[in-house]
Amino acid sequence: MEVQAQPGTWLITGCSTGLGRALAEAVLAAGQNAVVTARDAGKVADLATNNTDRVLPLALDVTDSTQVTDAVSQAEEKFGHIDVLVNNAGYGYRAAVEEGDESDIRQLFETQFFGAVAMIKAVLPGMRARRSGAIVNISTIGVQIMPAGSGYYAASKAALEAMSGALHGELKPLGISVTVIEPGGFRTDFAGRSLTQSSTVIDDYAETAGKRRKEHDTAHGTQPGDPAKAAKAIIAAVESDEPPAFLLLGNDALNTYRRINEATLDTINKWEHLSTSTDIDA
C-alpha cells in the first residue's frame, strides 16, 4: 500500500499518553499531519503548539457515535482526507472471569471492539473512494497468552483481531491495508493509570487471577519496550511496499509467540488421533 504523497494524514485514537502519544510525536517528526484525539482534548492540545497547520487535536470518545462522525468530518475538512487510521484507544481490565462486572465488561468491548469498528466504518468511504489507505489496530500479545485475570481484556482484543483478518481480505483488493499490532510490554501507563479491575474479589482466585490485581502488580515501570521505538516501527510497517497483516512488537512478544505456538503444535500433534477420527466413513 502506498501512503498518499507527503504529508500524509494520520488519525490516531487515544493520544493522551503511552503508545498513542509516542506515535503522534513520531508522525509529526516525520513531517506528516496528525489528528490527535483523546476523551479530553486538553490532554493533546500541546501537540499542536507550533504545529497548528499539521495537527488537529480533538475530543473523541470512540463509544460516542456522534463524536466519531464529527472527528472524521473535521479531519477530512482540515486535511482533505485520512491516509492512516490507528485504533489505539483502550485500557486494561483485570478480573477472574467469575469476578467480572457485567457493566465493566460491556464498556470494555464498547471501547476496544465496537469503538474501533465505528472508527473503521467512518473512514472507509473516503479510503475506498481513493483506493488508498491504511488501518492499524493495536492489539496485545495477551491474545496469545490469555493470562488468568485478563480474560475479558484478551477477549476484546481477540475479537478485534478476528475482525481485522476478515477486513484485510475485504480491503486488500481496494488498495487499503489492515495491520494488527501485537505489542509486548512497553513502558507506558498501561499497567498504571490505564489499568482497571473488577470491584468483586473472590478469594478462591487469589493464586491465579488475584496475583494480577493492581495492588499486586509489579510490572509498571519495568516493561522492556520503548514506546518511541514502537512508534517508528509502526510507521515503517505502514509505509512499506506491502504492510504486514500482523506485526509483533518487542523481543518479549516475539519469544512468547513462538513458545506458545510451539506448545500449541505439540498439543495438536498429541491429540491428532482424535482430531482425525470424526470424519464420515468412506
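This is a predicted model: local features need pLDDT of at least 70, side-chain atom pairs count only at pLDDT 80 or more; totals for chains, interfaces and linings use all residues.
Confidence comes before anything else. The mean pLDDT of the chain is 92. Of its residues, 93% reach 70 or more. Over residues 1-5, pLDDT stays under 50. For those residues the model has 18 contacts beyond four places in sequence.

Now the helices. Two numbers describe a packed pair: the angle between the two axes and the distance between them. Keep both in mind for each pair.

Start with H3 and H5. Helix H5 covers residues 151-171. Its axis and the axis of H3 come within 8 Å and cross at roughly 20°. Angles under 35 degrees count as roughly parallel. So H3 and H5 are roughly parallel to each other. The crossing is right-handed. Which residues of H3 make the contact? They are Ile 105, Leu 108, Phe 109, Gln 112, Phe 113, Ala 116, Val 117, Ile 120 and Leu 124. From H5, the contact residues include Tyr 152, Tyr 153, Lys 157, Leu 160 and Met 163. By class, this contact has 16 nonpolar, two polar and one charged residues.

H3 also packs with H2. Helix H2 is residues 65-79, and helix H3 is residues 102-130. Their axes come within 9 Å and cross at roughly 35°. This crossing is right-handed. On the H2 side, look for Val 68, Val 72 and Glu 76. They meet Ala 118, Met 119, Ala 122, Val 123 and Gly 126 in H3.

Next pair: H1 and H6. Helix H1 is residues 18-29, and helix H6 is residues 227-239. They pack at an angle of about 60°, with their axes 8 Å apart. That angle makes H1 oblique to H6. The crossing of H1 and H6 is right-handed. H1 brings Leu 19, Ala 22, Leu 23, Ala 26 and Val 27 to the contact. H6 brings Pro 227, Ala 228, Ala 230, Ala 231, Ile 234 and Ile 235. How do these residues divide by class? Eleven are nonpolar, with no polar and no charged residues.

Stay on H1 for the last point. How many salt bridges does a search of the whole structure find? Five. One of them joins the side chains of Arg 21 and Asp 46, at 2.2 Å from N to O. Arg 21 lies in helix H1. Asp 46 lies in the loop between strand S2 (33-38) and strand S3 (55-59). So the pair ties together parts that are 25 residues apart in sequence.

To recap H1: its contact with H6 has no charged residues, and its Arg 21 pairs with Asp 46.

Conventions: Residues are numbered from 1 along each chain as its sequence is written. Side-chain values use heavy atoms; hydrogens and water are left out. Axes are lines fitted to C-alpha atoms, for helices over the stretch in contact, and angles run from 0 to 180 degrees between N-to-C directions. Helices (H or I, at least four residues) and strands (E, at least two) are DSSP runs, numbered from the N terminus. Angles under 35 degrees count as roughly parallel, over 145 as roughly antiparallel, 65 to 115 as roughly perpendicular and the rest as oblique. A crossing is left-handed if the near helix is turned anticlockwise from the far one by less than a right angle, and right-handed if clockwise. Contact means heavy atoms within 4.5 Å. Ala, Val, Leu, Ile, Met, Phe, Trp, Tyr, Cys and Pro count as nonpolar, Asp, Glu, Lys and Arg as charged, and the others, Gly among them, as polar. pLDDT is the predictor's confidence in each residue, from 0 to 100. A salt bridge is a side-chain nitrogen of Lys or Arg within 4 Å of a carboxyl oxygen of Asp or Glu.
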